[in-house]
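Here is a short report on a predicted model. It covers charged pairs, a strand and the nonpolar cores.

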Amino acid sequence: MTHFLNLHPEPFSHIADGTKTIELRLLDEKRQKIAVGDTLIFTNTADPALQLRCVVKKLHCFPNFAALYAALPLEQCGYLPEELATARPEDMEEYYSPEKQKRCGVVGIEIDLTG
């Protein structure tokens with residue numbers, strides 16, 4: 001199955017250069033349909049003509065971003081080495097409220113860029 005997701009330019013470029021291999025999302029109804037082996041098409045929000053095709057390697061499910069941040073390597077989640085010391089689960093509240101996290105859970109989607 002193929003799923004389409006939008007990404008801001010910075011995380012898009014980190015996936016493109018291979019430094020971001022885990023995409024963080026709310027485990028809402030749309031993301032619950034993603035399975036290992038599925039294809040993800042990421043579209044750059046600044047330039048919709050730019051797309052990346054990835055395959056899902058693994059799904060890491062957690063009740064919230066605090067648990068995810070404690071378990072997964074943040075350098076694979078899009079943080080630069082100089083940002084690791086200040087990375088906090090609250091960073092994700094810009095996108096997903098604590099209430100939504102509690103209601104749906106969260107997922108780290110481990111991906112391989114396919115070209």
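## Salt bridges

The structure holds 5 salt bridges (a side-chain nitrogen of Lys or Arg within 4 Å of a carboxyl oxygen of Asp or Glu). Arg-25 pairs with Glu-23, with the closest N and O atoms 2.8 Å apart. Arg-25 is buried at 8% relative accessible area, and Glu-23 is buried at 5%. Buried means under 20% relative accessible area, exposed over 50%, and partly exposed in between, with a 1.4 Å probe and protein chains only. Arg-31 and Asp-28 also meet through their side chains, at 2.9 Å from N to O. Arg-31 counts as buried at 10%; Asp-28 is buried at 18%.

Lys-57 forms a salt bridge with Glu-110, the closest N and O atoms being 3.6 Å apart. This pair links distant parts of the chain: Lys-57 lies in strand β4 (residues 51-62) and Glu-110 in strand β5, 53 residues apart. Lys-57 is partly exposed at 40%, whereas Glu-110 is buried at 17%. Shared partners join Lys-20, Glu-23 and Arg-25 into one salt-bridge network.

## Strand β2

Helices (H or I, at least four residues) and strands (E, at least two) are DSSP runs, numbered from the N terminus. In β2 (residues 22-26), 5 of the 5 residues are buried, so the strand is largely enclosed by the rest of the structure. Ile-22, Leu-24 and Leu-26 point one way; Glu-23 and Arg-25 point the other. In a regular strand the side chains alternate between the two faces of the sheet.

β2 pairs with β5 (residues 106-113) in the antiparallel sense over 5 bridges. Pairing requires at least two DSSP bridges between the strands. Leu-26 has Val-106 as its bridge partner in β5.

## Nonpolar cores

A nonpolar core is a set of buried Ala, Val, Leu, Ile, Met, Phe, Trp, Tyr and Cys residues joined through side-chain atoms within 4.5 Å. The largest has 15 residues, and Leu-24, Phe-65, Leu-68 and Tyr-69 have the most contacts inside it. β2 and α2 (65-71) each supply at least two residues of this core. A second, separate core of 14 residues includes Ile-15, Val-56, Ile-109 and Ile-111.

## Leu-5

Leu-5 sits in strand β1 (residues 2-7) and is buried at 2% relative accessible area. Beyond four places in sequence, its contacts (heavy atoms within 4.5 Å) include Arg-25, Arg-31 and Phe-42.

## Basis

Residues are numbered from 1 along each chain as its sequence is written. In this predicted model, local features need pLDDT of at least 70, side-chain atom pairs count only at pLDDT 80 or more, and totals for chains, interfaces and linings use all residues; side-chain values use heavy atoms, with hydrogens and water left out.
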